[in-house]
Amino acid sequence: MSNSHLFLKSGFPRAPLQNGIGRVVMQLQRITFKFCKNHGASRGIREFLETDLIDFSKNNPGIVVYVKPRRHRSPNLTVEYCKYSKVTNSRIEMNGERQVVNCHNFSREEVSKWVTLLRTQSGNPTIRYRKLWHTDSPSIQGPWTPFTNRRPELNLAQFPRKSLVGIAKEVFERTIDKSNWWNKVKEAVEEKNKGFRKSFKNKNEETEEYRENKKRVKKPVVQEPRKDCMQKWTEILERDVERIKMLYSQIINRRKKRQEFRMMDDIEDKRTRKGTMDEIF
């Protein structure tokens, strides 16, 4: 094993935009196939383009695919990923990280494997992992276990322990006492409900009789003032109706008199016109 990994940058495993927790944002944005139409070294890429390119573009609509033929040059795959800032983890530009894979004399299967590998990568440069896990908010206690919040005495205790057995017995007895107490409460509540039901029945019988007596007593007392009010209102309405009739009759008589006066005026005007015409002729 070589020591070349010692010169790599170190870091922790991280997913851009927290991919996998909720949504998944594809990091690969652009892929370019560069090949020659005649050279034998580009045979694998040509077969991939003829057979698998359409399915790849349909399954990955978010990836832009470019095909660039070049004469008498070695084939390769150029891939461009999204670039993110370290502070805000927000997208800056579309073509940030870039990788190039030489596909000289590759078969169709090898080309498809490289395409899937590049599609699933994050685009970040390779680093040496300090640990195989990473937490944004690490705790001093370490990973959680069932004994994290227990007493430290239990670490040195030998089981079975007499004190724990006694505690278990006490807890069991308390639970039994609680169940008996609950049964007693239920019985007391049922007895109270029975008494309440009986009293409620008696009250209903009494209320029916009491209501009937109330109706008999209150009928004349309640209806007499109502009758008086109705009589008063009827008298008032009758007076108003008579007044309205008188006013209506007066209005009609006035209209008739006006019409008669107008007729008389028209007749006199006609007579005067005839007299003037006779004098003229």
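## Helix α3: span and faces

At 1.5 Å a residue, the 13 residues of α3 should span 18 Å, and the distance of 19 Å between its end C-alpha atoms agrees with this. The expected span is 1.5 Å times one less than the number of residues in the helix. Helices are DSSP runs of H or I with at least four residues, strands are runs of E with at least two, and both are numbered from the N terminus. Seen down the axis of α3, the buried residues fall within an arc of 70°, so they line one face of the helix; the arc is that of the directions from the helix axis to the C-beta atoms.

The buried residues in question are V111, V115 and L118. E109, K113 and T120 are exposed on the other side of α3. Buried denotes under 20% relative accessible area, exposed over 50%, and partly exposed the range in between, with a 1.4 Å probe and protein chains only. An α-helix has 3.6 residues a turn, so residues three or four places apart point the same way. The cover over the buried residues of α3 includes β2 (28–35), α1 (43–51), α2 (53–59), β4 (76–81) and β7 (98–102), where contact means heavy atoms within 4.5 Å.

## Model and overall organisation

The structure is a predicted model, in which local features need pLDDT of at least 70 and side-chain atom pairs count only at pLDDT 80 or more, while totals for chains, interfaces and linings use all residues. Residues are numbered from 1 along each chain as its sequence is written, and side-chain values use heavy atoms, with hydrogens and water left out.

The protein chain holds four helices and eight strands, in the order β-β-α-α-β-β-β-β-β-α-β-α from the N terminus on. Of its 281 residues, 14% are buried. Among contacts in the protein chain with a separation of 6 or more, 71% are between residues 24 or more positions apart. The chain exposes about 25000 Å², of which carbon and sulfur atoms supply 54%; accessible areas come from the Shrake-Rupley method with a 1.4 Å probe, and for residues only the protein chains shown count as cover.

## Salt bridges

Three salt bridges are found in a search of the whole structure, each defined as a side-chain nitrogen of Lys or Arg within 4 Å of a carboxyl oxygen of Asp or Glu. The side chains of E80 and R30 form one, at 3.1 Å from N to O. E80 belongs to strand β4 and R30 to strand β2, so this pair ties together parts that are 50 residues apart in sequence. E80 is buried, at 16% relative accessibility.

R108 and D52 also meet through their side chains in a salt bridge, at 2.9 Å from N to O. This pair links distant parts of the chain, with R108 in helix α3 and D52 in the loop between α1 and α2, 56 residues apart. Both count as partly exposed: R108 has a relative accessibility of 31%, and D52 has a relative accessible area of 21%. E47 pairs with R43, the closest N and O atoms being 3.4 Å apart. These two residues are four apart in helix α1 and are thus separated by about one helical turn. E47 is partly exposed at 31%, whereas R43 is exposed at 55%.

S42 lies in the loop between β2 and α1 and is buried, with a relative accessibility of 0%. Apart from neighbours within four places in sequence, S42 is in contact with F35, C36, R73 and P75.

N76, in strand β4, is buried with a relative accessible area of 13%. Neighbours within four places in sequence aside, the contacts of N76 are T32, F33, K34, I45, R70, V100, V101, N102 and C103.

The loop between α3 and β8 contains N124, which is partly exposed at 43% relative accessible area. N124 and P16 are 108 residues apart in sequence, yet their C-alpha atoms are 9.2 Å apart in space.

I127 is found in the loop between α3 (108–120) and β8 (128–129) and is partly exposed at 32% relative accessibility. Together with Y129, L132 and W133, I127 makes a nonpolar surface patch of about 500 Å². Patches are made of residues with over 30% relative accessible area and no salt bridge; like charges are joined within 9 Å, and nonpolar side chains (Val, Leu, Ile, Met, Phe, Trp, Tyr) within 5 Å.
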